[in-house]
Amino acid sequence: FDGAERMISFGRMEAYPVIVAVTASLDDVLAPWWLQTGRMAALMLWVTAAAGLLAARFVRAGRLALDQLRKSERRYRILIENAPDAIVVLDVDRQRVVDANPQAERLFHCSRERLLRGSVVRFYAPIQPDGLPALESALKAQESALGGRPTLLERRISQPSGADLICEVRGQDM
C-alpha cells in the first residue's frame, strides 16, 4: 500500500478469530546486512591495496639487490681476472675447481675449461713439501682453512716439462 517492498509474517490465534500480520520494509530488514557487506568490502579493498604496495616494495627491493649483485659480480670478475697471482676457487664439497683466473691457466699450463673439470690436486706432485701424499696434504689444508684459519703452505706442482714448481699457496674459506 505504501509502494515499498515488504516482508510479511503472520500468525493465527487459535482461540480467537484473529490473524496477526507483521510487515517490515525490505530495506529496513536488509540494512544491517548491507552495512556489514560494505564494511567487509572496504576491509578487503584495504587489505588488497596494502598487499599490492607491500608486493611492489619487495619487487623493488629484489631488483635493487639483483642490480647490486650484478655490480659486485663485475667488480669480483675484474679483480680476479686482473690479479697478478693465480687464483683458484674450489668447491670443497665436490672437490672441483669452480673458478680460475688467467694466471692460474698459466701456472697449471692448461685452459680454464680443463681446470674446471676437476680438482687442482691432479696437478700436484705425488709427494708434497710437507711430506704427505698430494690428496692427504690438500685435505688437511682444506680442513684448516674451513676451520676459519687462513692457511699458508707450499705446494709442489708438476710441470709439463717434468720439473716440479714449488709455489706458496694461501687457502681461505669463502
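Asp-99 and Arg-112 form a salt bridge, with 2.5 Å between their closest N and O atoms. By salt bridge I mean a side-chain nitrogen of Lys or Arg within 4 Å of a carboxyl oxygen of Asp or Glu. Asp-99 belongs to strand β4 and Arg-112 to helix α3, residues 112–115, so this pair ties together parts that are 13 residues apart in sequence. Helices here are DSSP runs of H or I with at least four residues, strands are runs of E with at least two, and both are numbered from the N terminus.

Before going on, the conditions: this is a predicted model, where local features need pLDDT of at least 70 and side-chain atom pairs count only at pLDDT 80 or more, while totals for chains, interfaces and linings use all residues. Residues are numbered from 1 along each chain as its sequence is written, and side-chain values use heavy atoms, with hydrogens and water left out.

Are the two partners buried or exposed? Asp-99 is buried at 6% relative accessibility, whereas Arg-112 is partly exposed at 24%. The cut-offs are under 20% relative accessible area for buried, over 50% for exposed, and partly exposed in between, with a 1.4 Å probe and protein chains only. Through shared partners, salt bridges join Asp-99 and Arg-112 with Arg-77 and Glu-81 into one network.

The whole structure has eight salt bridges. One of them pairs Arg-170 with Glu-168 at 3.4 Å between the closest N and O atoms, and both of these residues are exposed. Another links Arg-6 to Asp-2 at 2.4 Å; Arg-6 is partly exposed at 30%, as is Asp-2 at 40%.

Next, Asn-101, which sits in the loop between β4 (96–100) and α2 (102–108). Its relative accessible area is 0%, so Asn-101 counts as buried. What does its side chain reach? The backbone oxygen of Ile-80, at 3.0 Å. That is a polar contact: a pair of N or O atoms within 3.5 Å where, within protein, one must be able to donate a hydrogen and the other to accept it, and residues adjacent in sequence count only if both atoms are side-chain atoms. Beyond its neighbours within four places in sequence, Asn-101 is in contact (heavy atoms within 4.5 Å) with residues including Glu-81, Ala-83 and Asp-85.

Ser-25 caps the N-terminal end of α1, with a side-chain oxygen 3.2 Å from the backbone nitrogen of Asp-27.

Ser-25 is also the bridge partner in β2 of Arg-6. Strands β1 (residues 6–13) and β2 (residues 18–25) run antiparallel, joined by eight bridges; two strands pair if DSSP finds at least two bridges between them. Four residues separate β1 and β2 in this hairpin, and Arg-12 stands opposite Ile-19 in β2.
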